[in-house]
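Q: I would like to learn how to read a few features of a protein model, going slowly from one part to the next. Could we begin with a single side chain and then move on to a sheet?

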Amino acid sequence: MIGLADCNNFFVSCERSINPDLENKAVVVLSNNDGCVVARSNEAKALGIRMGQPAFEIRELIEKQKVIALSGNHLLYRDISLRVHDIFRRYVPEAIDYSVDESFLDVSGIPVSSLEAIGKAIYSTCLQEMHIPVTIGFSHSKTLAKIATEFCKKNTIPVGILDADKDIEDIINSLPINDLWGIGRRTVKKLFLWGVRTIGDFARLDKNFVRKNLGINGERTWLEIHKTPCIELNHVNRTLQDSISETRTFPEDITDYDYIRARIVIYATDCARKLRMMRGKCKSIGVFLRTNPFHAQPKLIKPEGIIELRHPTSDTSEIVSAALIVLDEIFISRMPFKRAGVWLSEISADIPEVGSLFDNSKNLEEINRKKSLMRVLDNINSVIGNKKLGLASQIVKITRGHNDGYSSSFQAPQR
Ligand SMILES: [Mg+2]
């Protein structure tokens with residue numbers, strides 16, 4: 001059997017976890033530029049608000065205070081996501097993170113009779129520790145686990161086990177074909193033409209017909225519904241990017257070393273935070289500067305440099321120090337720069353340090369102490385809002401009074 005743990009209305013649940021006043025109210029979270037709805041509470045769903053609905057269409061509901069609309073706080077969501085995924089891992093041998101709010105649970109070897117208890121333990125721990133409601137479904141394949149979870153959510157059951165053939169048949173006959181995982185909108189249209197309305201209808205199609213008309217992916221889904229697991233997720237490799245970068249154009253040409261130095265600190269800090277979010281560590285840190293291509297100069301000047309560390313790190317202060325060493329190497333005085341950036345590469349998974357025979361324990365203690373410090377930094381930032389807490393070396397920029405998208409988080413210079 002395989003399980004799927006899926007957080008309910010995840011972004012809204014995250015907002016409620018830090019603001020209990022939102023409980024039992026219609027709440028929606030809007031996309032980055034407040035353009036459209038990306039998450040809805042059950043109360044908002046009951047008002048008929050659709051996923052992806054443009055915000056202006058529900059403006060009246062918002063103005064009449066029937067709906068609370070929030071701008072997304074994705075740092076918070078990411079942080080809660082990591083912790084919820086950690087909770088899943090406490091209860092099963094392996095959990096494969098599928099998305100920000102979903103994990104497949106590998107429960108192979110665990111008797112079916114124990115699954116309900118495992119599911120309930122995950123459910124109540126997520127609720128108690130993180131205030132996040134989760135739905136968990138178990139079945140014979142990932143697709144059937146998805147179906148089990150979907151069914152439970154519709155019926156507000158926290159844990160469901162879809163095992164017996166009769167139960168599978170009943171449930172797939174009750175769910176519309178649009179709810180089938182891995183079947184896109186275009187395929188749904190095709191299936192509609194063939195008279196397929198429910199997942200059960202799809203399962204009753206001939207396998208060869210499915211293969212011929214929907215290809216290998218359609219066939220895989222068909223097999224999964226017939227209890228033959230064949231969809232693999234290599235998610236671990238997908239989460240770790242090859243490199244992370246932060247680059248910005250300055251509001252004007254800048255020759256001032258202090259200003260550029262403060263920018264580099266900010267970009268390096270942001271890169272380090274992203275690195276920790278994907279649980280990686282990096283070995284190389286690069287910095288570049290670039291002059292303005294539109295201003296009269298003999299040619300575009302783009303000094304850059306890379307520093308390679310002896311040991312990979314995800315520590316902000318180490319990454320910032322390394323970036324500043326590179327900056328000092330490449331900075332050209334009196335040269336007007338218009339753009340700068342930091343990038344991290346040679347990224348690998350950050351596996352917890354356990355210490356070897358040759359490590360001295362003081363060193364290990366120091367590494368773990370720094371890691372705790374970074375965790376505290378990330379946690380505070382995710383609760384109080386975007387990047388408010390940082391390194392003191394960022395502060396130089398406040399005295400310059402420039403605004404290129406970062407200064408807004410530092411409104412009080414005295415701070
Ligand atoms: Mg979800």
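A: Let us begin with a side chain in this predicted model: a polar atom of the side chain of T149 lies 2.8 Å from the backbone oxygen of A145.

Q: In which helix does T149 lie, and is T149 buried or exposed?

A: T149 belongs to helix α6, which spans residues 142–154. A residue counts as buried when its relative accessible area is under 20%, and T149, with a value of 1%, is therefore buried.

Q: Which residues is T149 in contact with, leaving aside its neighbours within four places in sequence?

A: With those neighbours left aside, T149 is in contact with L4, D6, T135, I136 and G137.

Q: How do strands of a sheet pair, and what is the order of the strands in the open sheet here?

A: In general, strands of a sheet pair through backbone hydrogen bonds, and they do this in either a parallel or an antiparallel way. Here the open sheet has four strands in the order β9-β12-β10-β11, and their pairing is antiparallel. The edge strands, β9 (244–254) and β11 (304–313), each pair on one side only.

Q: How many bridges join β10 and β12?

A: Strand β10, residues 280–291, and strand β12, residues 337–349, are paired in the antiparallel sense over 11 bridges, and V287 stands opposite V342 in β12.

Q: Which strands does helix α12 lie across?

A: Helix α12 (residues 257–277) lies across β9, β10, β11 and β12, and runs at about 160 degrees to β9.

Technical notes
Residues are numbered from 1 along each chain as its sequence is written. This is a predicted model: local features need pLDDT of at least 70, side-chain atom pairs count only at pLDDT 80 or more; totals for chains, interfaces and linings use all residues. Side-chain values use heavy atoms; hydrogens and water are left out. Two strands pair if DSSP finds at least two bridges between them. Helices (H or I, at least four residues) and strands (E, at least two) are DSSP runs, numbered from the N terminus. Contact means heavy atoms within 4.5 Å. Axes are lines fitted to C-alpha atoms, for helices over the stretch in contact, and angles run from 0 to 180 degrees between N-to-C directions. Buried means under 20% relative accessible area, exposed over 50%, partly exposed in between (1.4 Å probe, protein chains only). A polar contact is a pair of N or O atoms within 3.5 Å; within protein, one must be able to donate a hydrogen and the other to accept it, and residues adjacent in sequence count only if both atoms are side-chain atoms.
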